[in-house]
Amino acid sequence: MRKNGIFARLGLILTMIFLYAPIVVLIVFSFNSSKSRTVWTGFSLQWYVELFDDSRILSALATTLEVSVLAMVFSTVLGTAAAIGFFNMRKRPRAVCMAINNIPMTNADIITGVSLMLLFVFAIGAFNSTLGQLTGVELKMGFATLLLAHITFDIPYVILSVLPKLNQCDPNIEEAAMDLGAAPWQAFLKVVLPEIQPGVLNGAIMAFTMSVDDFVISYFTAGSSTSTLAMEVYSMTRKRISPEINALSTLMFVVVLSLLAIVNIRSARQEKAAAARAAKLQGRG
């Protein structure tokens, strides 16, 4: 048993080294004073300074933040509404809808990206050949198609974050609020929404994280006039490998890791609070 434990720990250590050693090297050399990617010549912040002086990077960062924030807002609203709809369904239709909801998360990103690109190309082409000729408006792929794509793959994560909170709610609290004189929208805003708020916030953070981190789907749906931060990193690696990439990748890693840590900490605290409430109720009983 002791030997098995040693081998398990050794395997875990080797796995962690394999996964995170490249990231550690990238972070370390983002502070290197020279362009060398193999020799450490001294500590410097010059690549971070040059990064924030690069207009292309700043433009891509602004686009990424705009898309991520808008996608987070829309997907949170739509995902919460969809979760409530799923929750009120019967068991069999709910199972079918949940299976459909899980497809974008289990599907390969490249398939989702190509599918959305073909859909947008078809829709834009149909519009330009009909209404576009009448109105003189010509549509093309860009910020709007990129935003729609992000909303599409963010919604399933919001639904999966909100549904567990709906399952934990007392199913009679909304009816009780309406029996006391509240309108349906008042019952939702003042009674149901505060109960599911942790799930809604977790879903919003997850949606923002997924949008900031996405490359494949953005690459196929952004068109030629729009570029996100991840796409800019890819284009930089194709043309010239600059230490600015190390600095940019480090910042992206820290942001995404921080957001995921917030989600996990919130989930742990919520589970702990739920366990404490359950223990308190059992003690009273």
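Which residues have the most contacts inside the largest nonpolar core? Select A83, I159, V162, L163, L166 and I196: these have the most contacts inside that core, which has 17 residues. The model on screen is a predicted one.

Helices α3, α7 and α9 (184-213) each supply at least two of its residues. The most come from α7, which gives eight.

Leaving aside residues up to four places away in sequence, L163 touches A83, F86, F87 and M98. Then move to a second, separate core: it has twelve residues, including L51, A60, V233 and L248.

Return to the helices and select α3 (residues 55-87) together with α7 (residues 143-168). Their axes lie 5 Å apart, and the two helices pack at an angle of about 40 degrees. An angle between 35 and 65 degrees counts as oblique, so α3 is oblique to α7. The crossing of α3 past α7 is right-handed. Colour the contact of α3 with α7 by residue class: 20 residues are nonpolar, seven are polar and two are charged.

The axes of α5 and α7 come within 11 Å and cross at roughly 135 degrees. That angle makes α5 oblique to α7. Here too, the crossing of α5 past α7 is right-handed.

To see the contact itself, select L116, F120 and I124 on α5, then T145, L148 and A149 on α7. By class, the contact of α5 with α7 has five nonpolar residues, one polar and no charged.

Methods: Residues numbered from 1 in each chain as written. Predicted model: local features only at pLDDT ≥ 70, side-chain atom pairs only at ≥ 80, totals over all residues. Heavy atoms only, no water. Axes fitted to C-alpha atoms, helices over the stretch in contact; angles between N-to-C directions. Helix = DSSP H or I, 4+ residues; strand = E, 2+ residues; numbered from the N terminus. Parallel < 35°, antiparallel > 145°, perpendicular 65-115°, else oblique. Left-handed = near helix turned anticlockwise from the far one by under 90°. Nonpolar A, V, L, I, M, F, W, Y, C, P; charged D, E, K, R; others polar. Core = buried A, V, L, I, M, F, W, Y, C linked by side-chain atoms within 4.5 Å. Buried < 20%, exposed > 50% of the residue type's maximum accessible area, 1.4 Å probe, protein only. Contact = heavy atoms within 4.5 Å.
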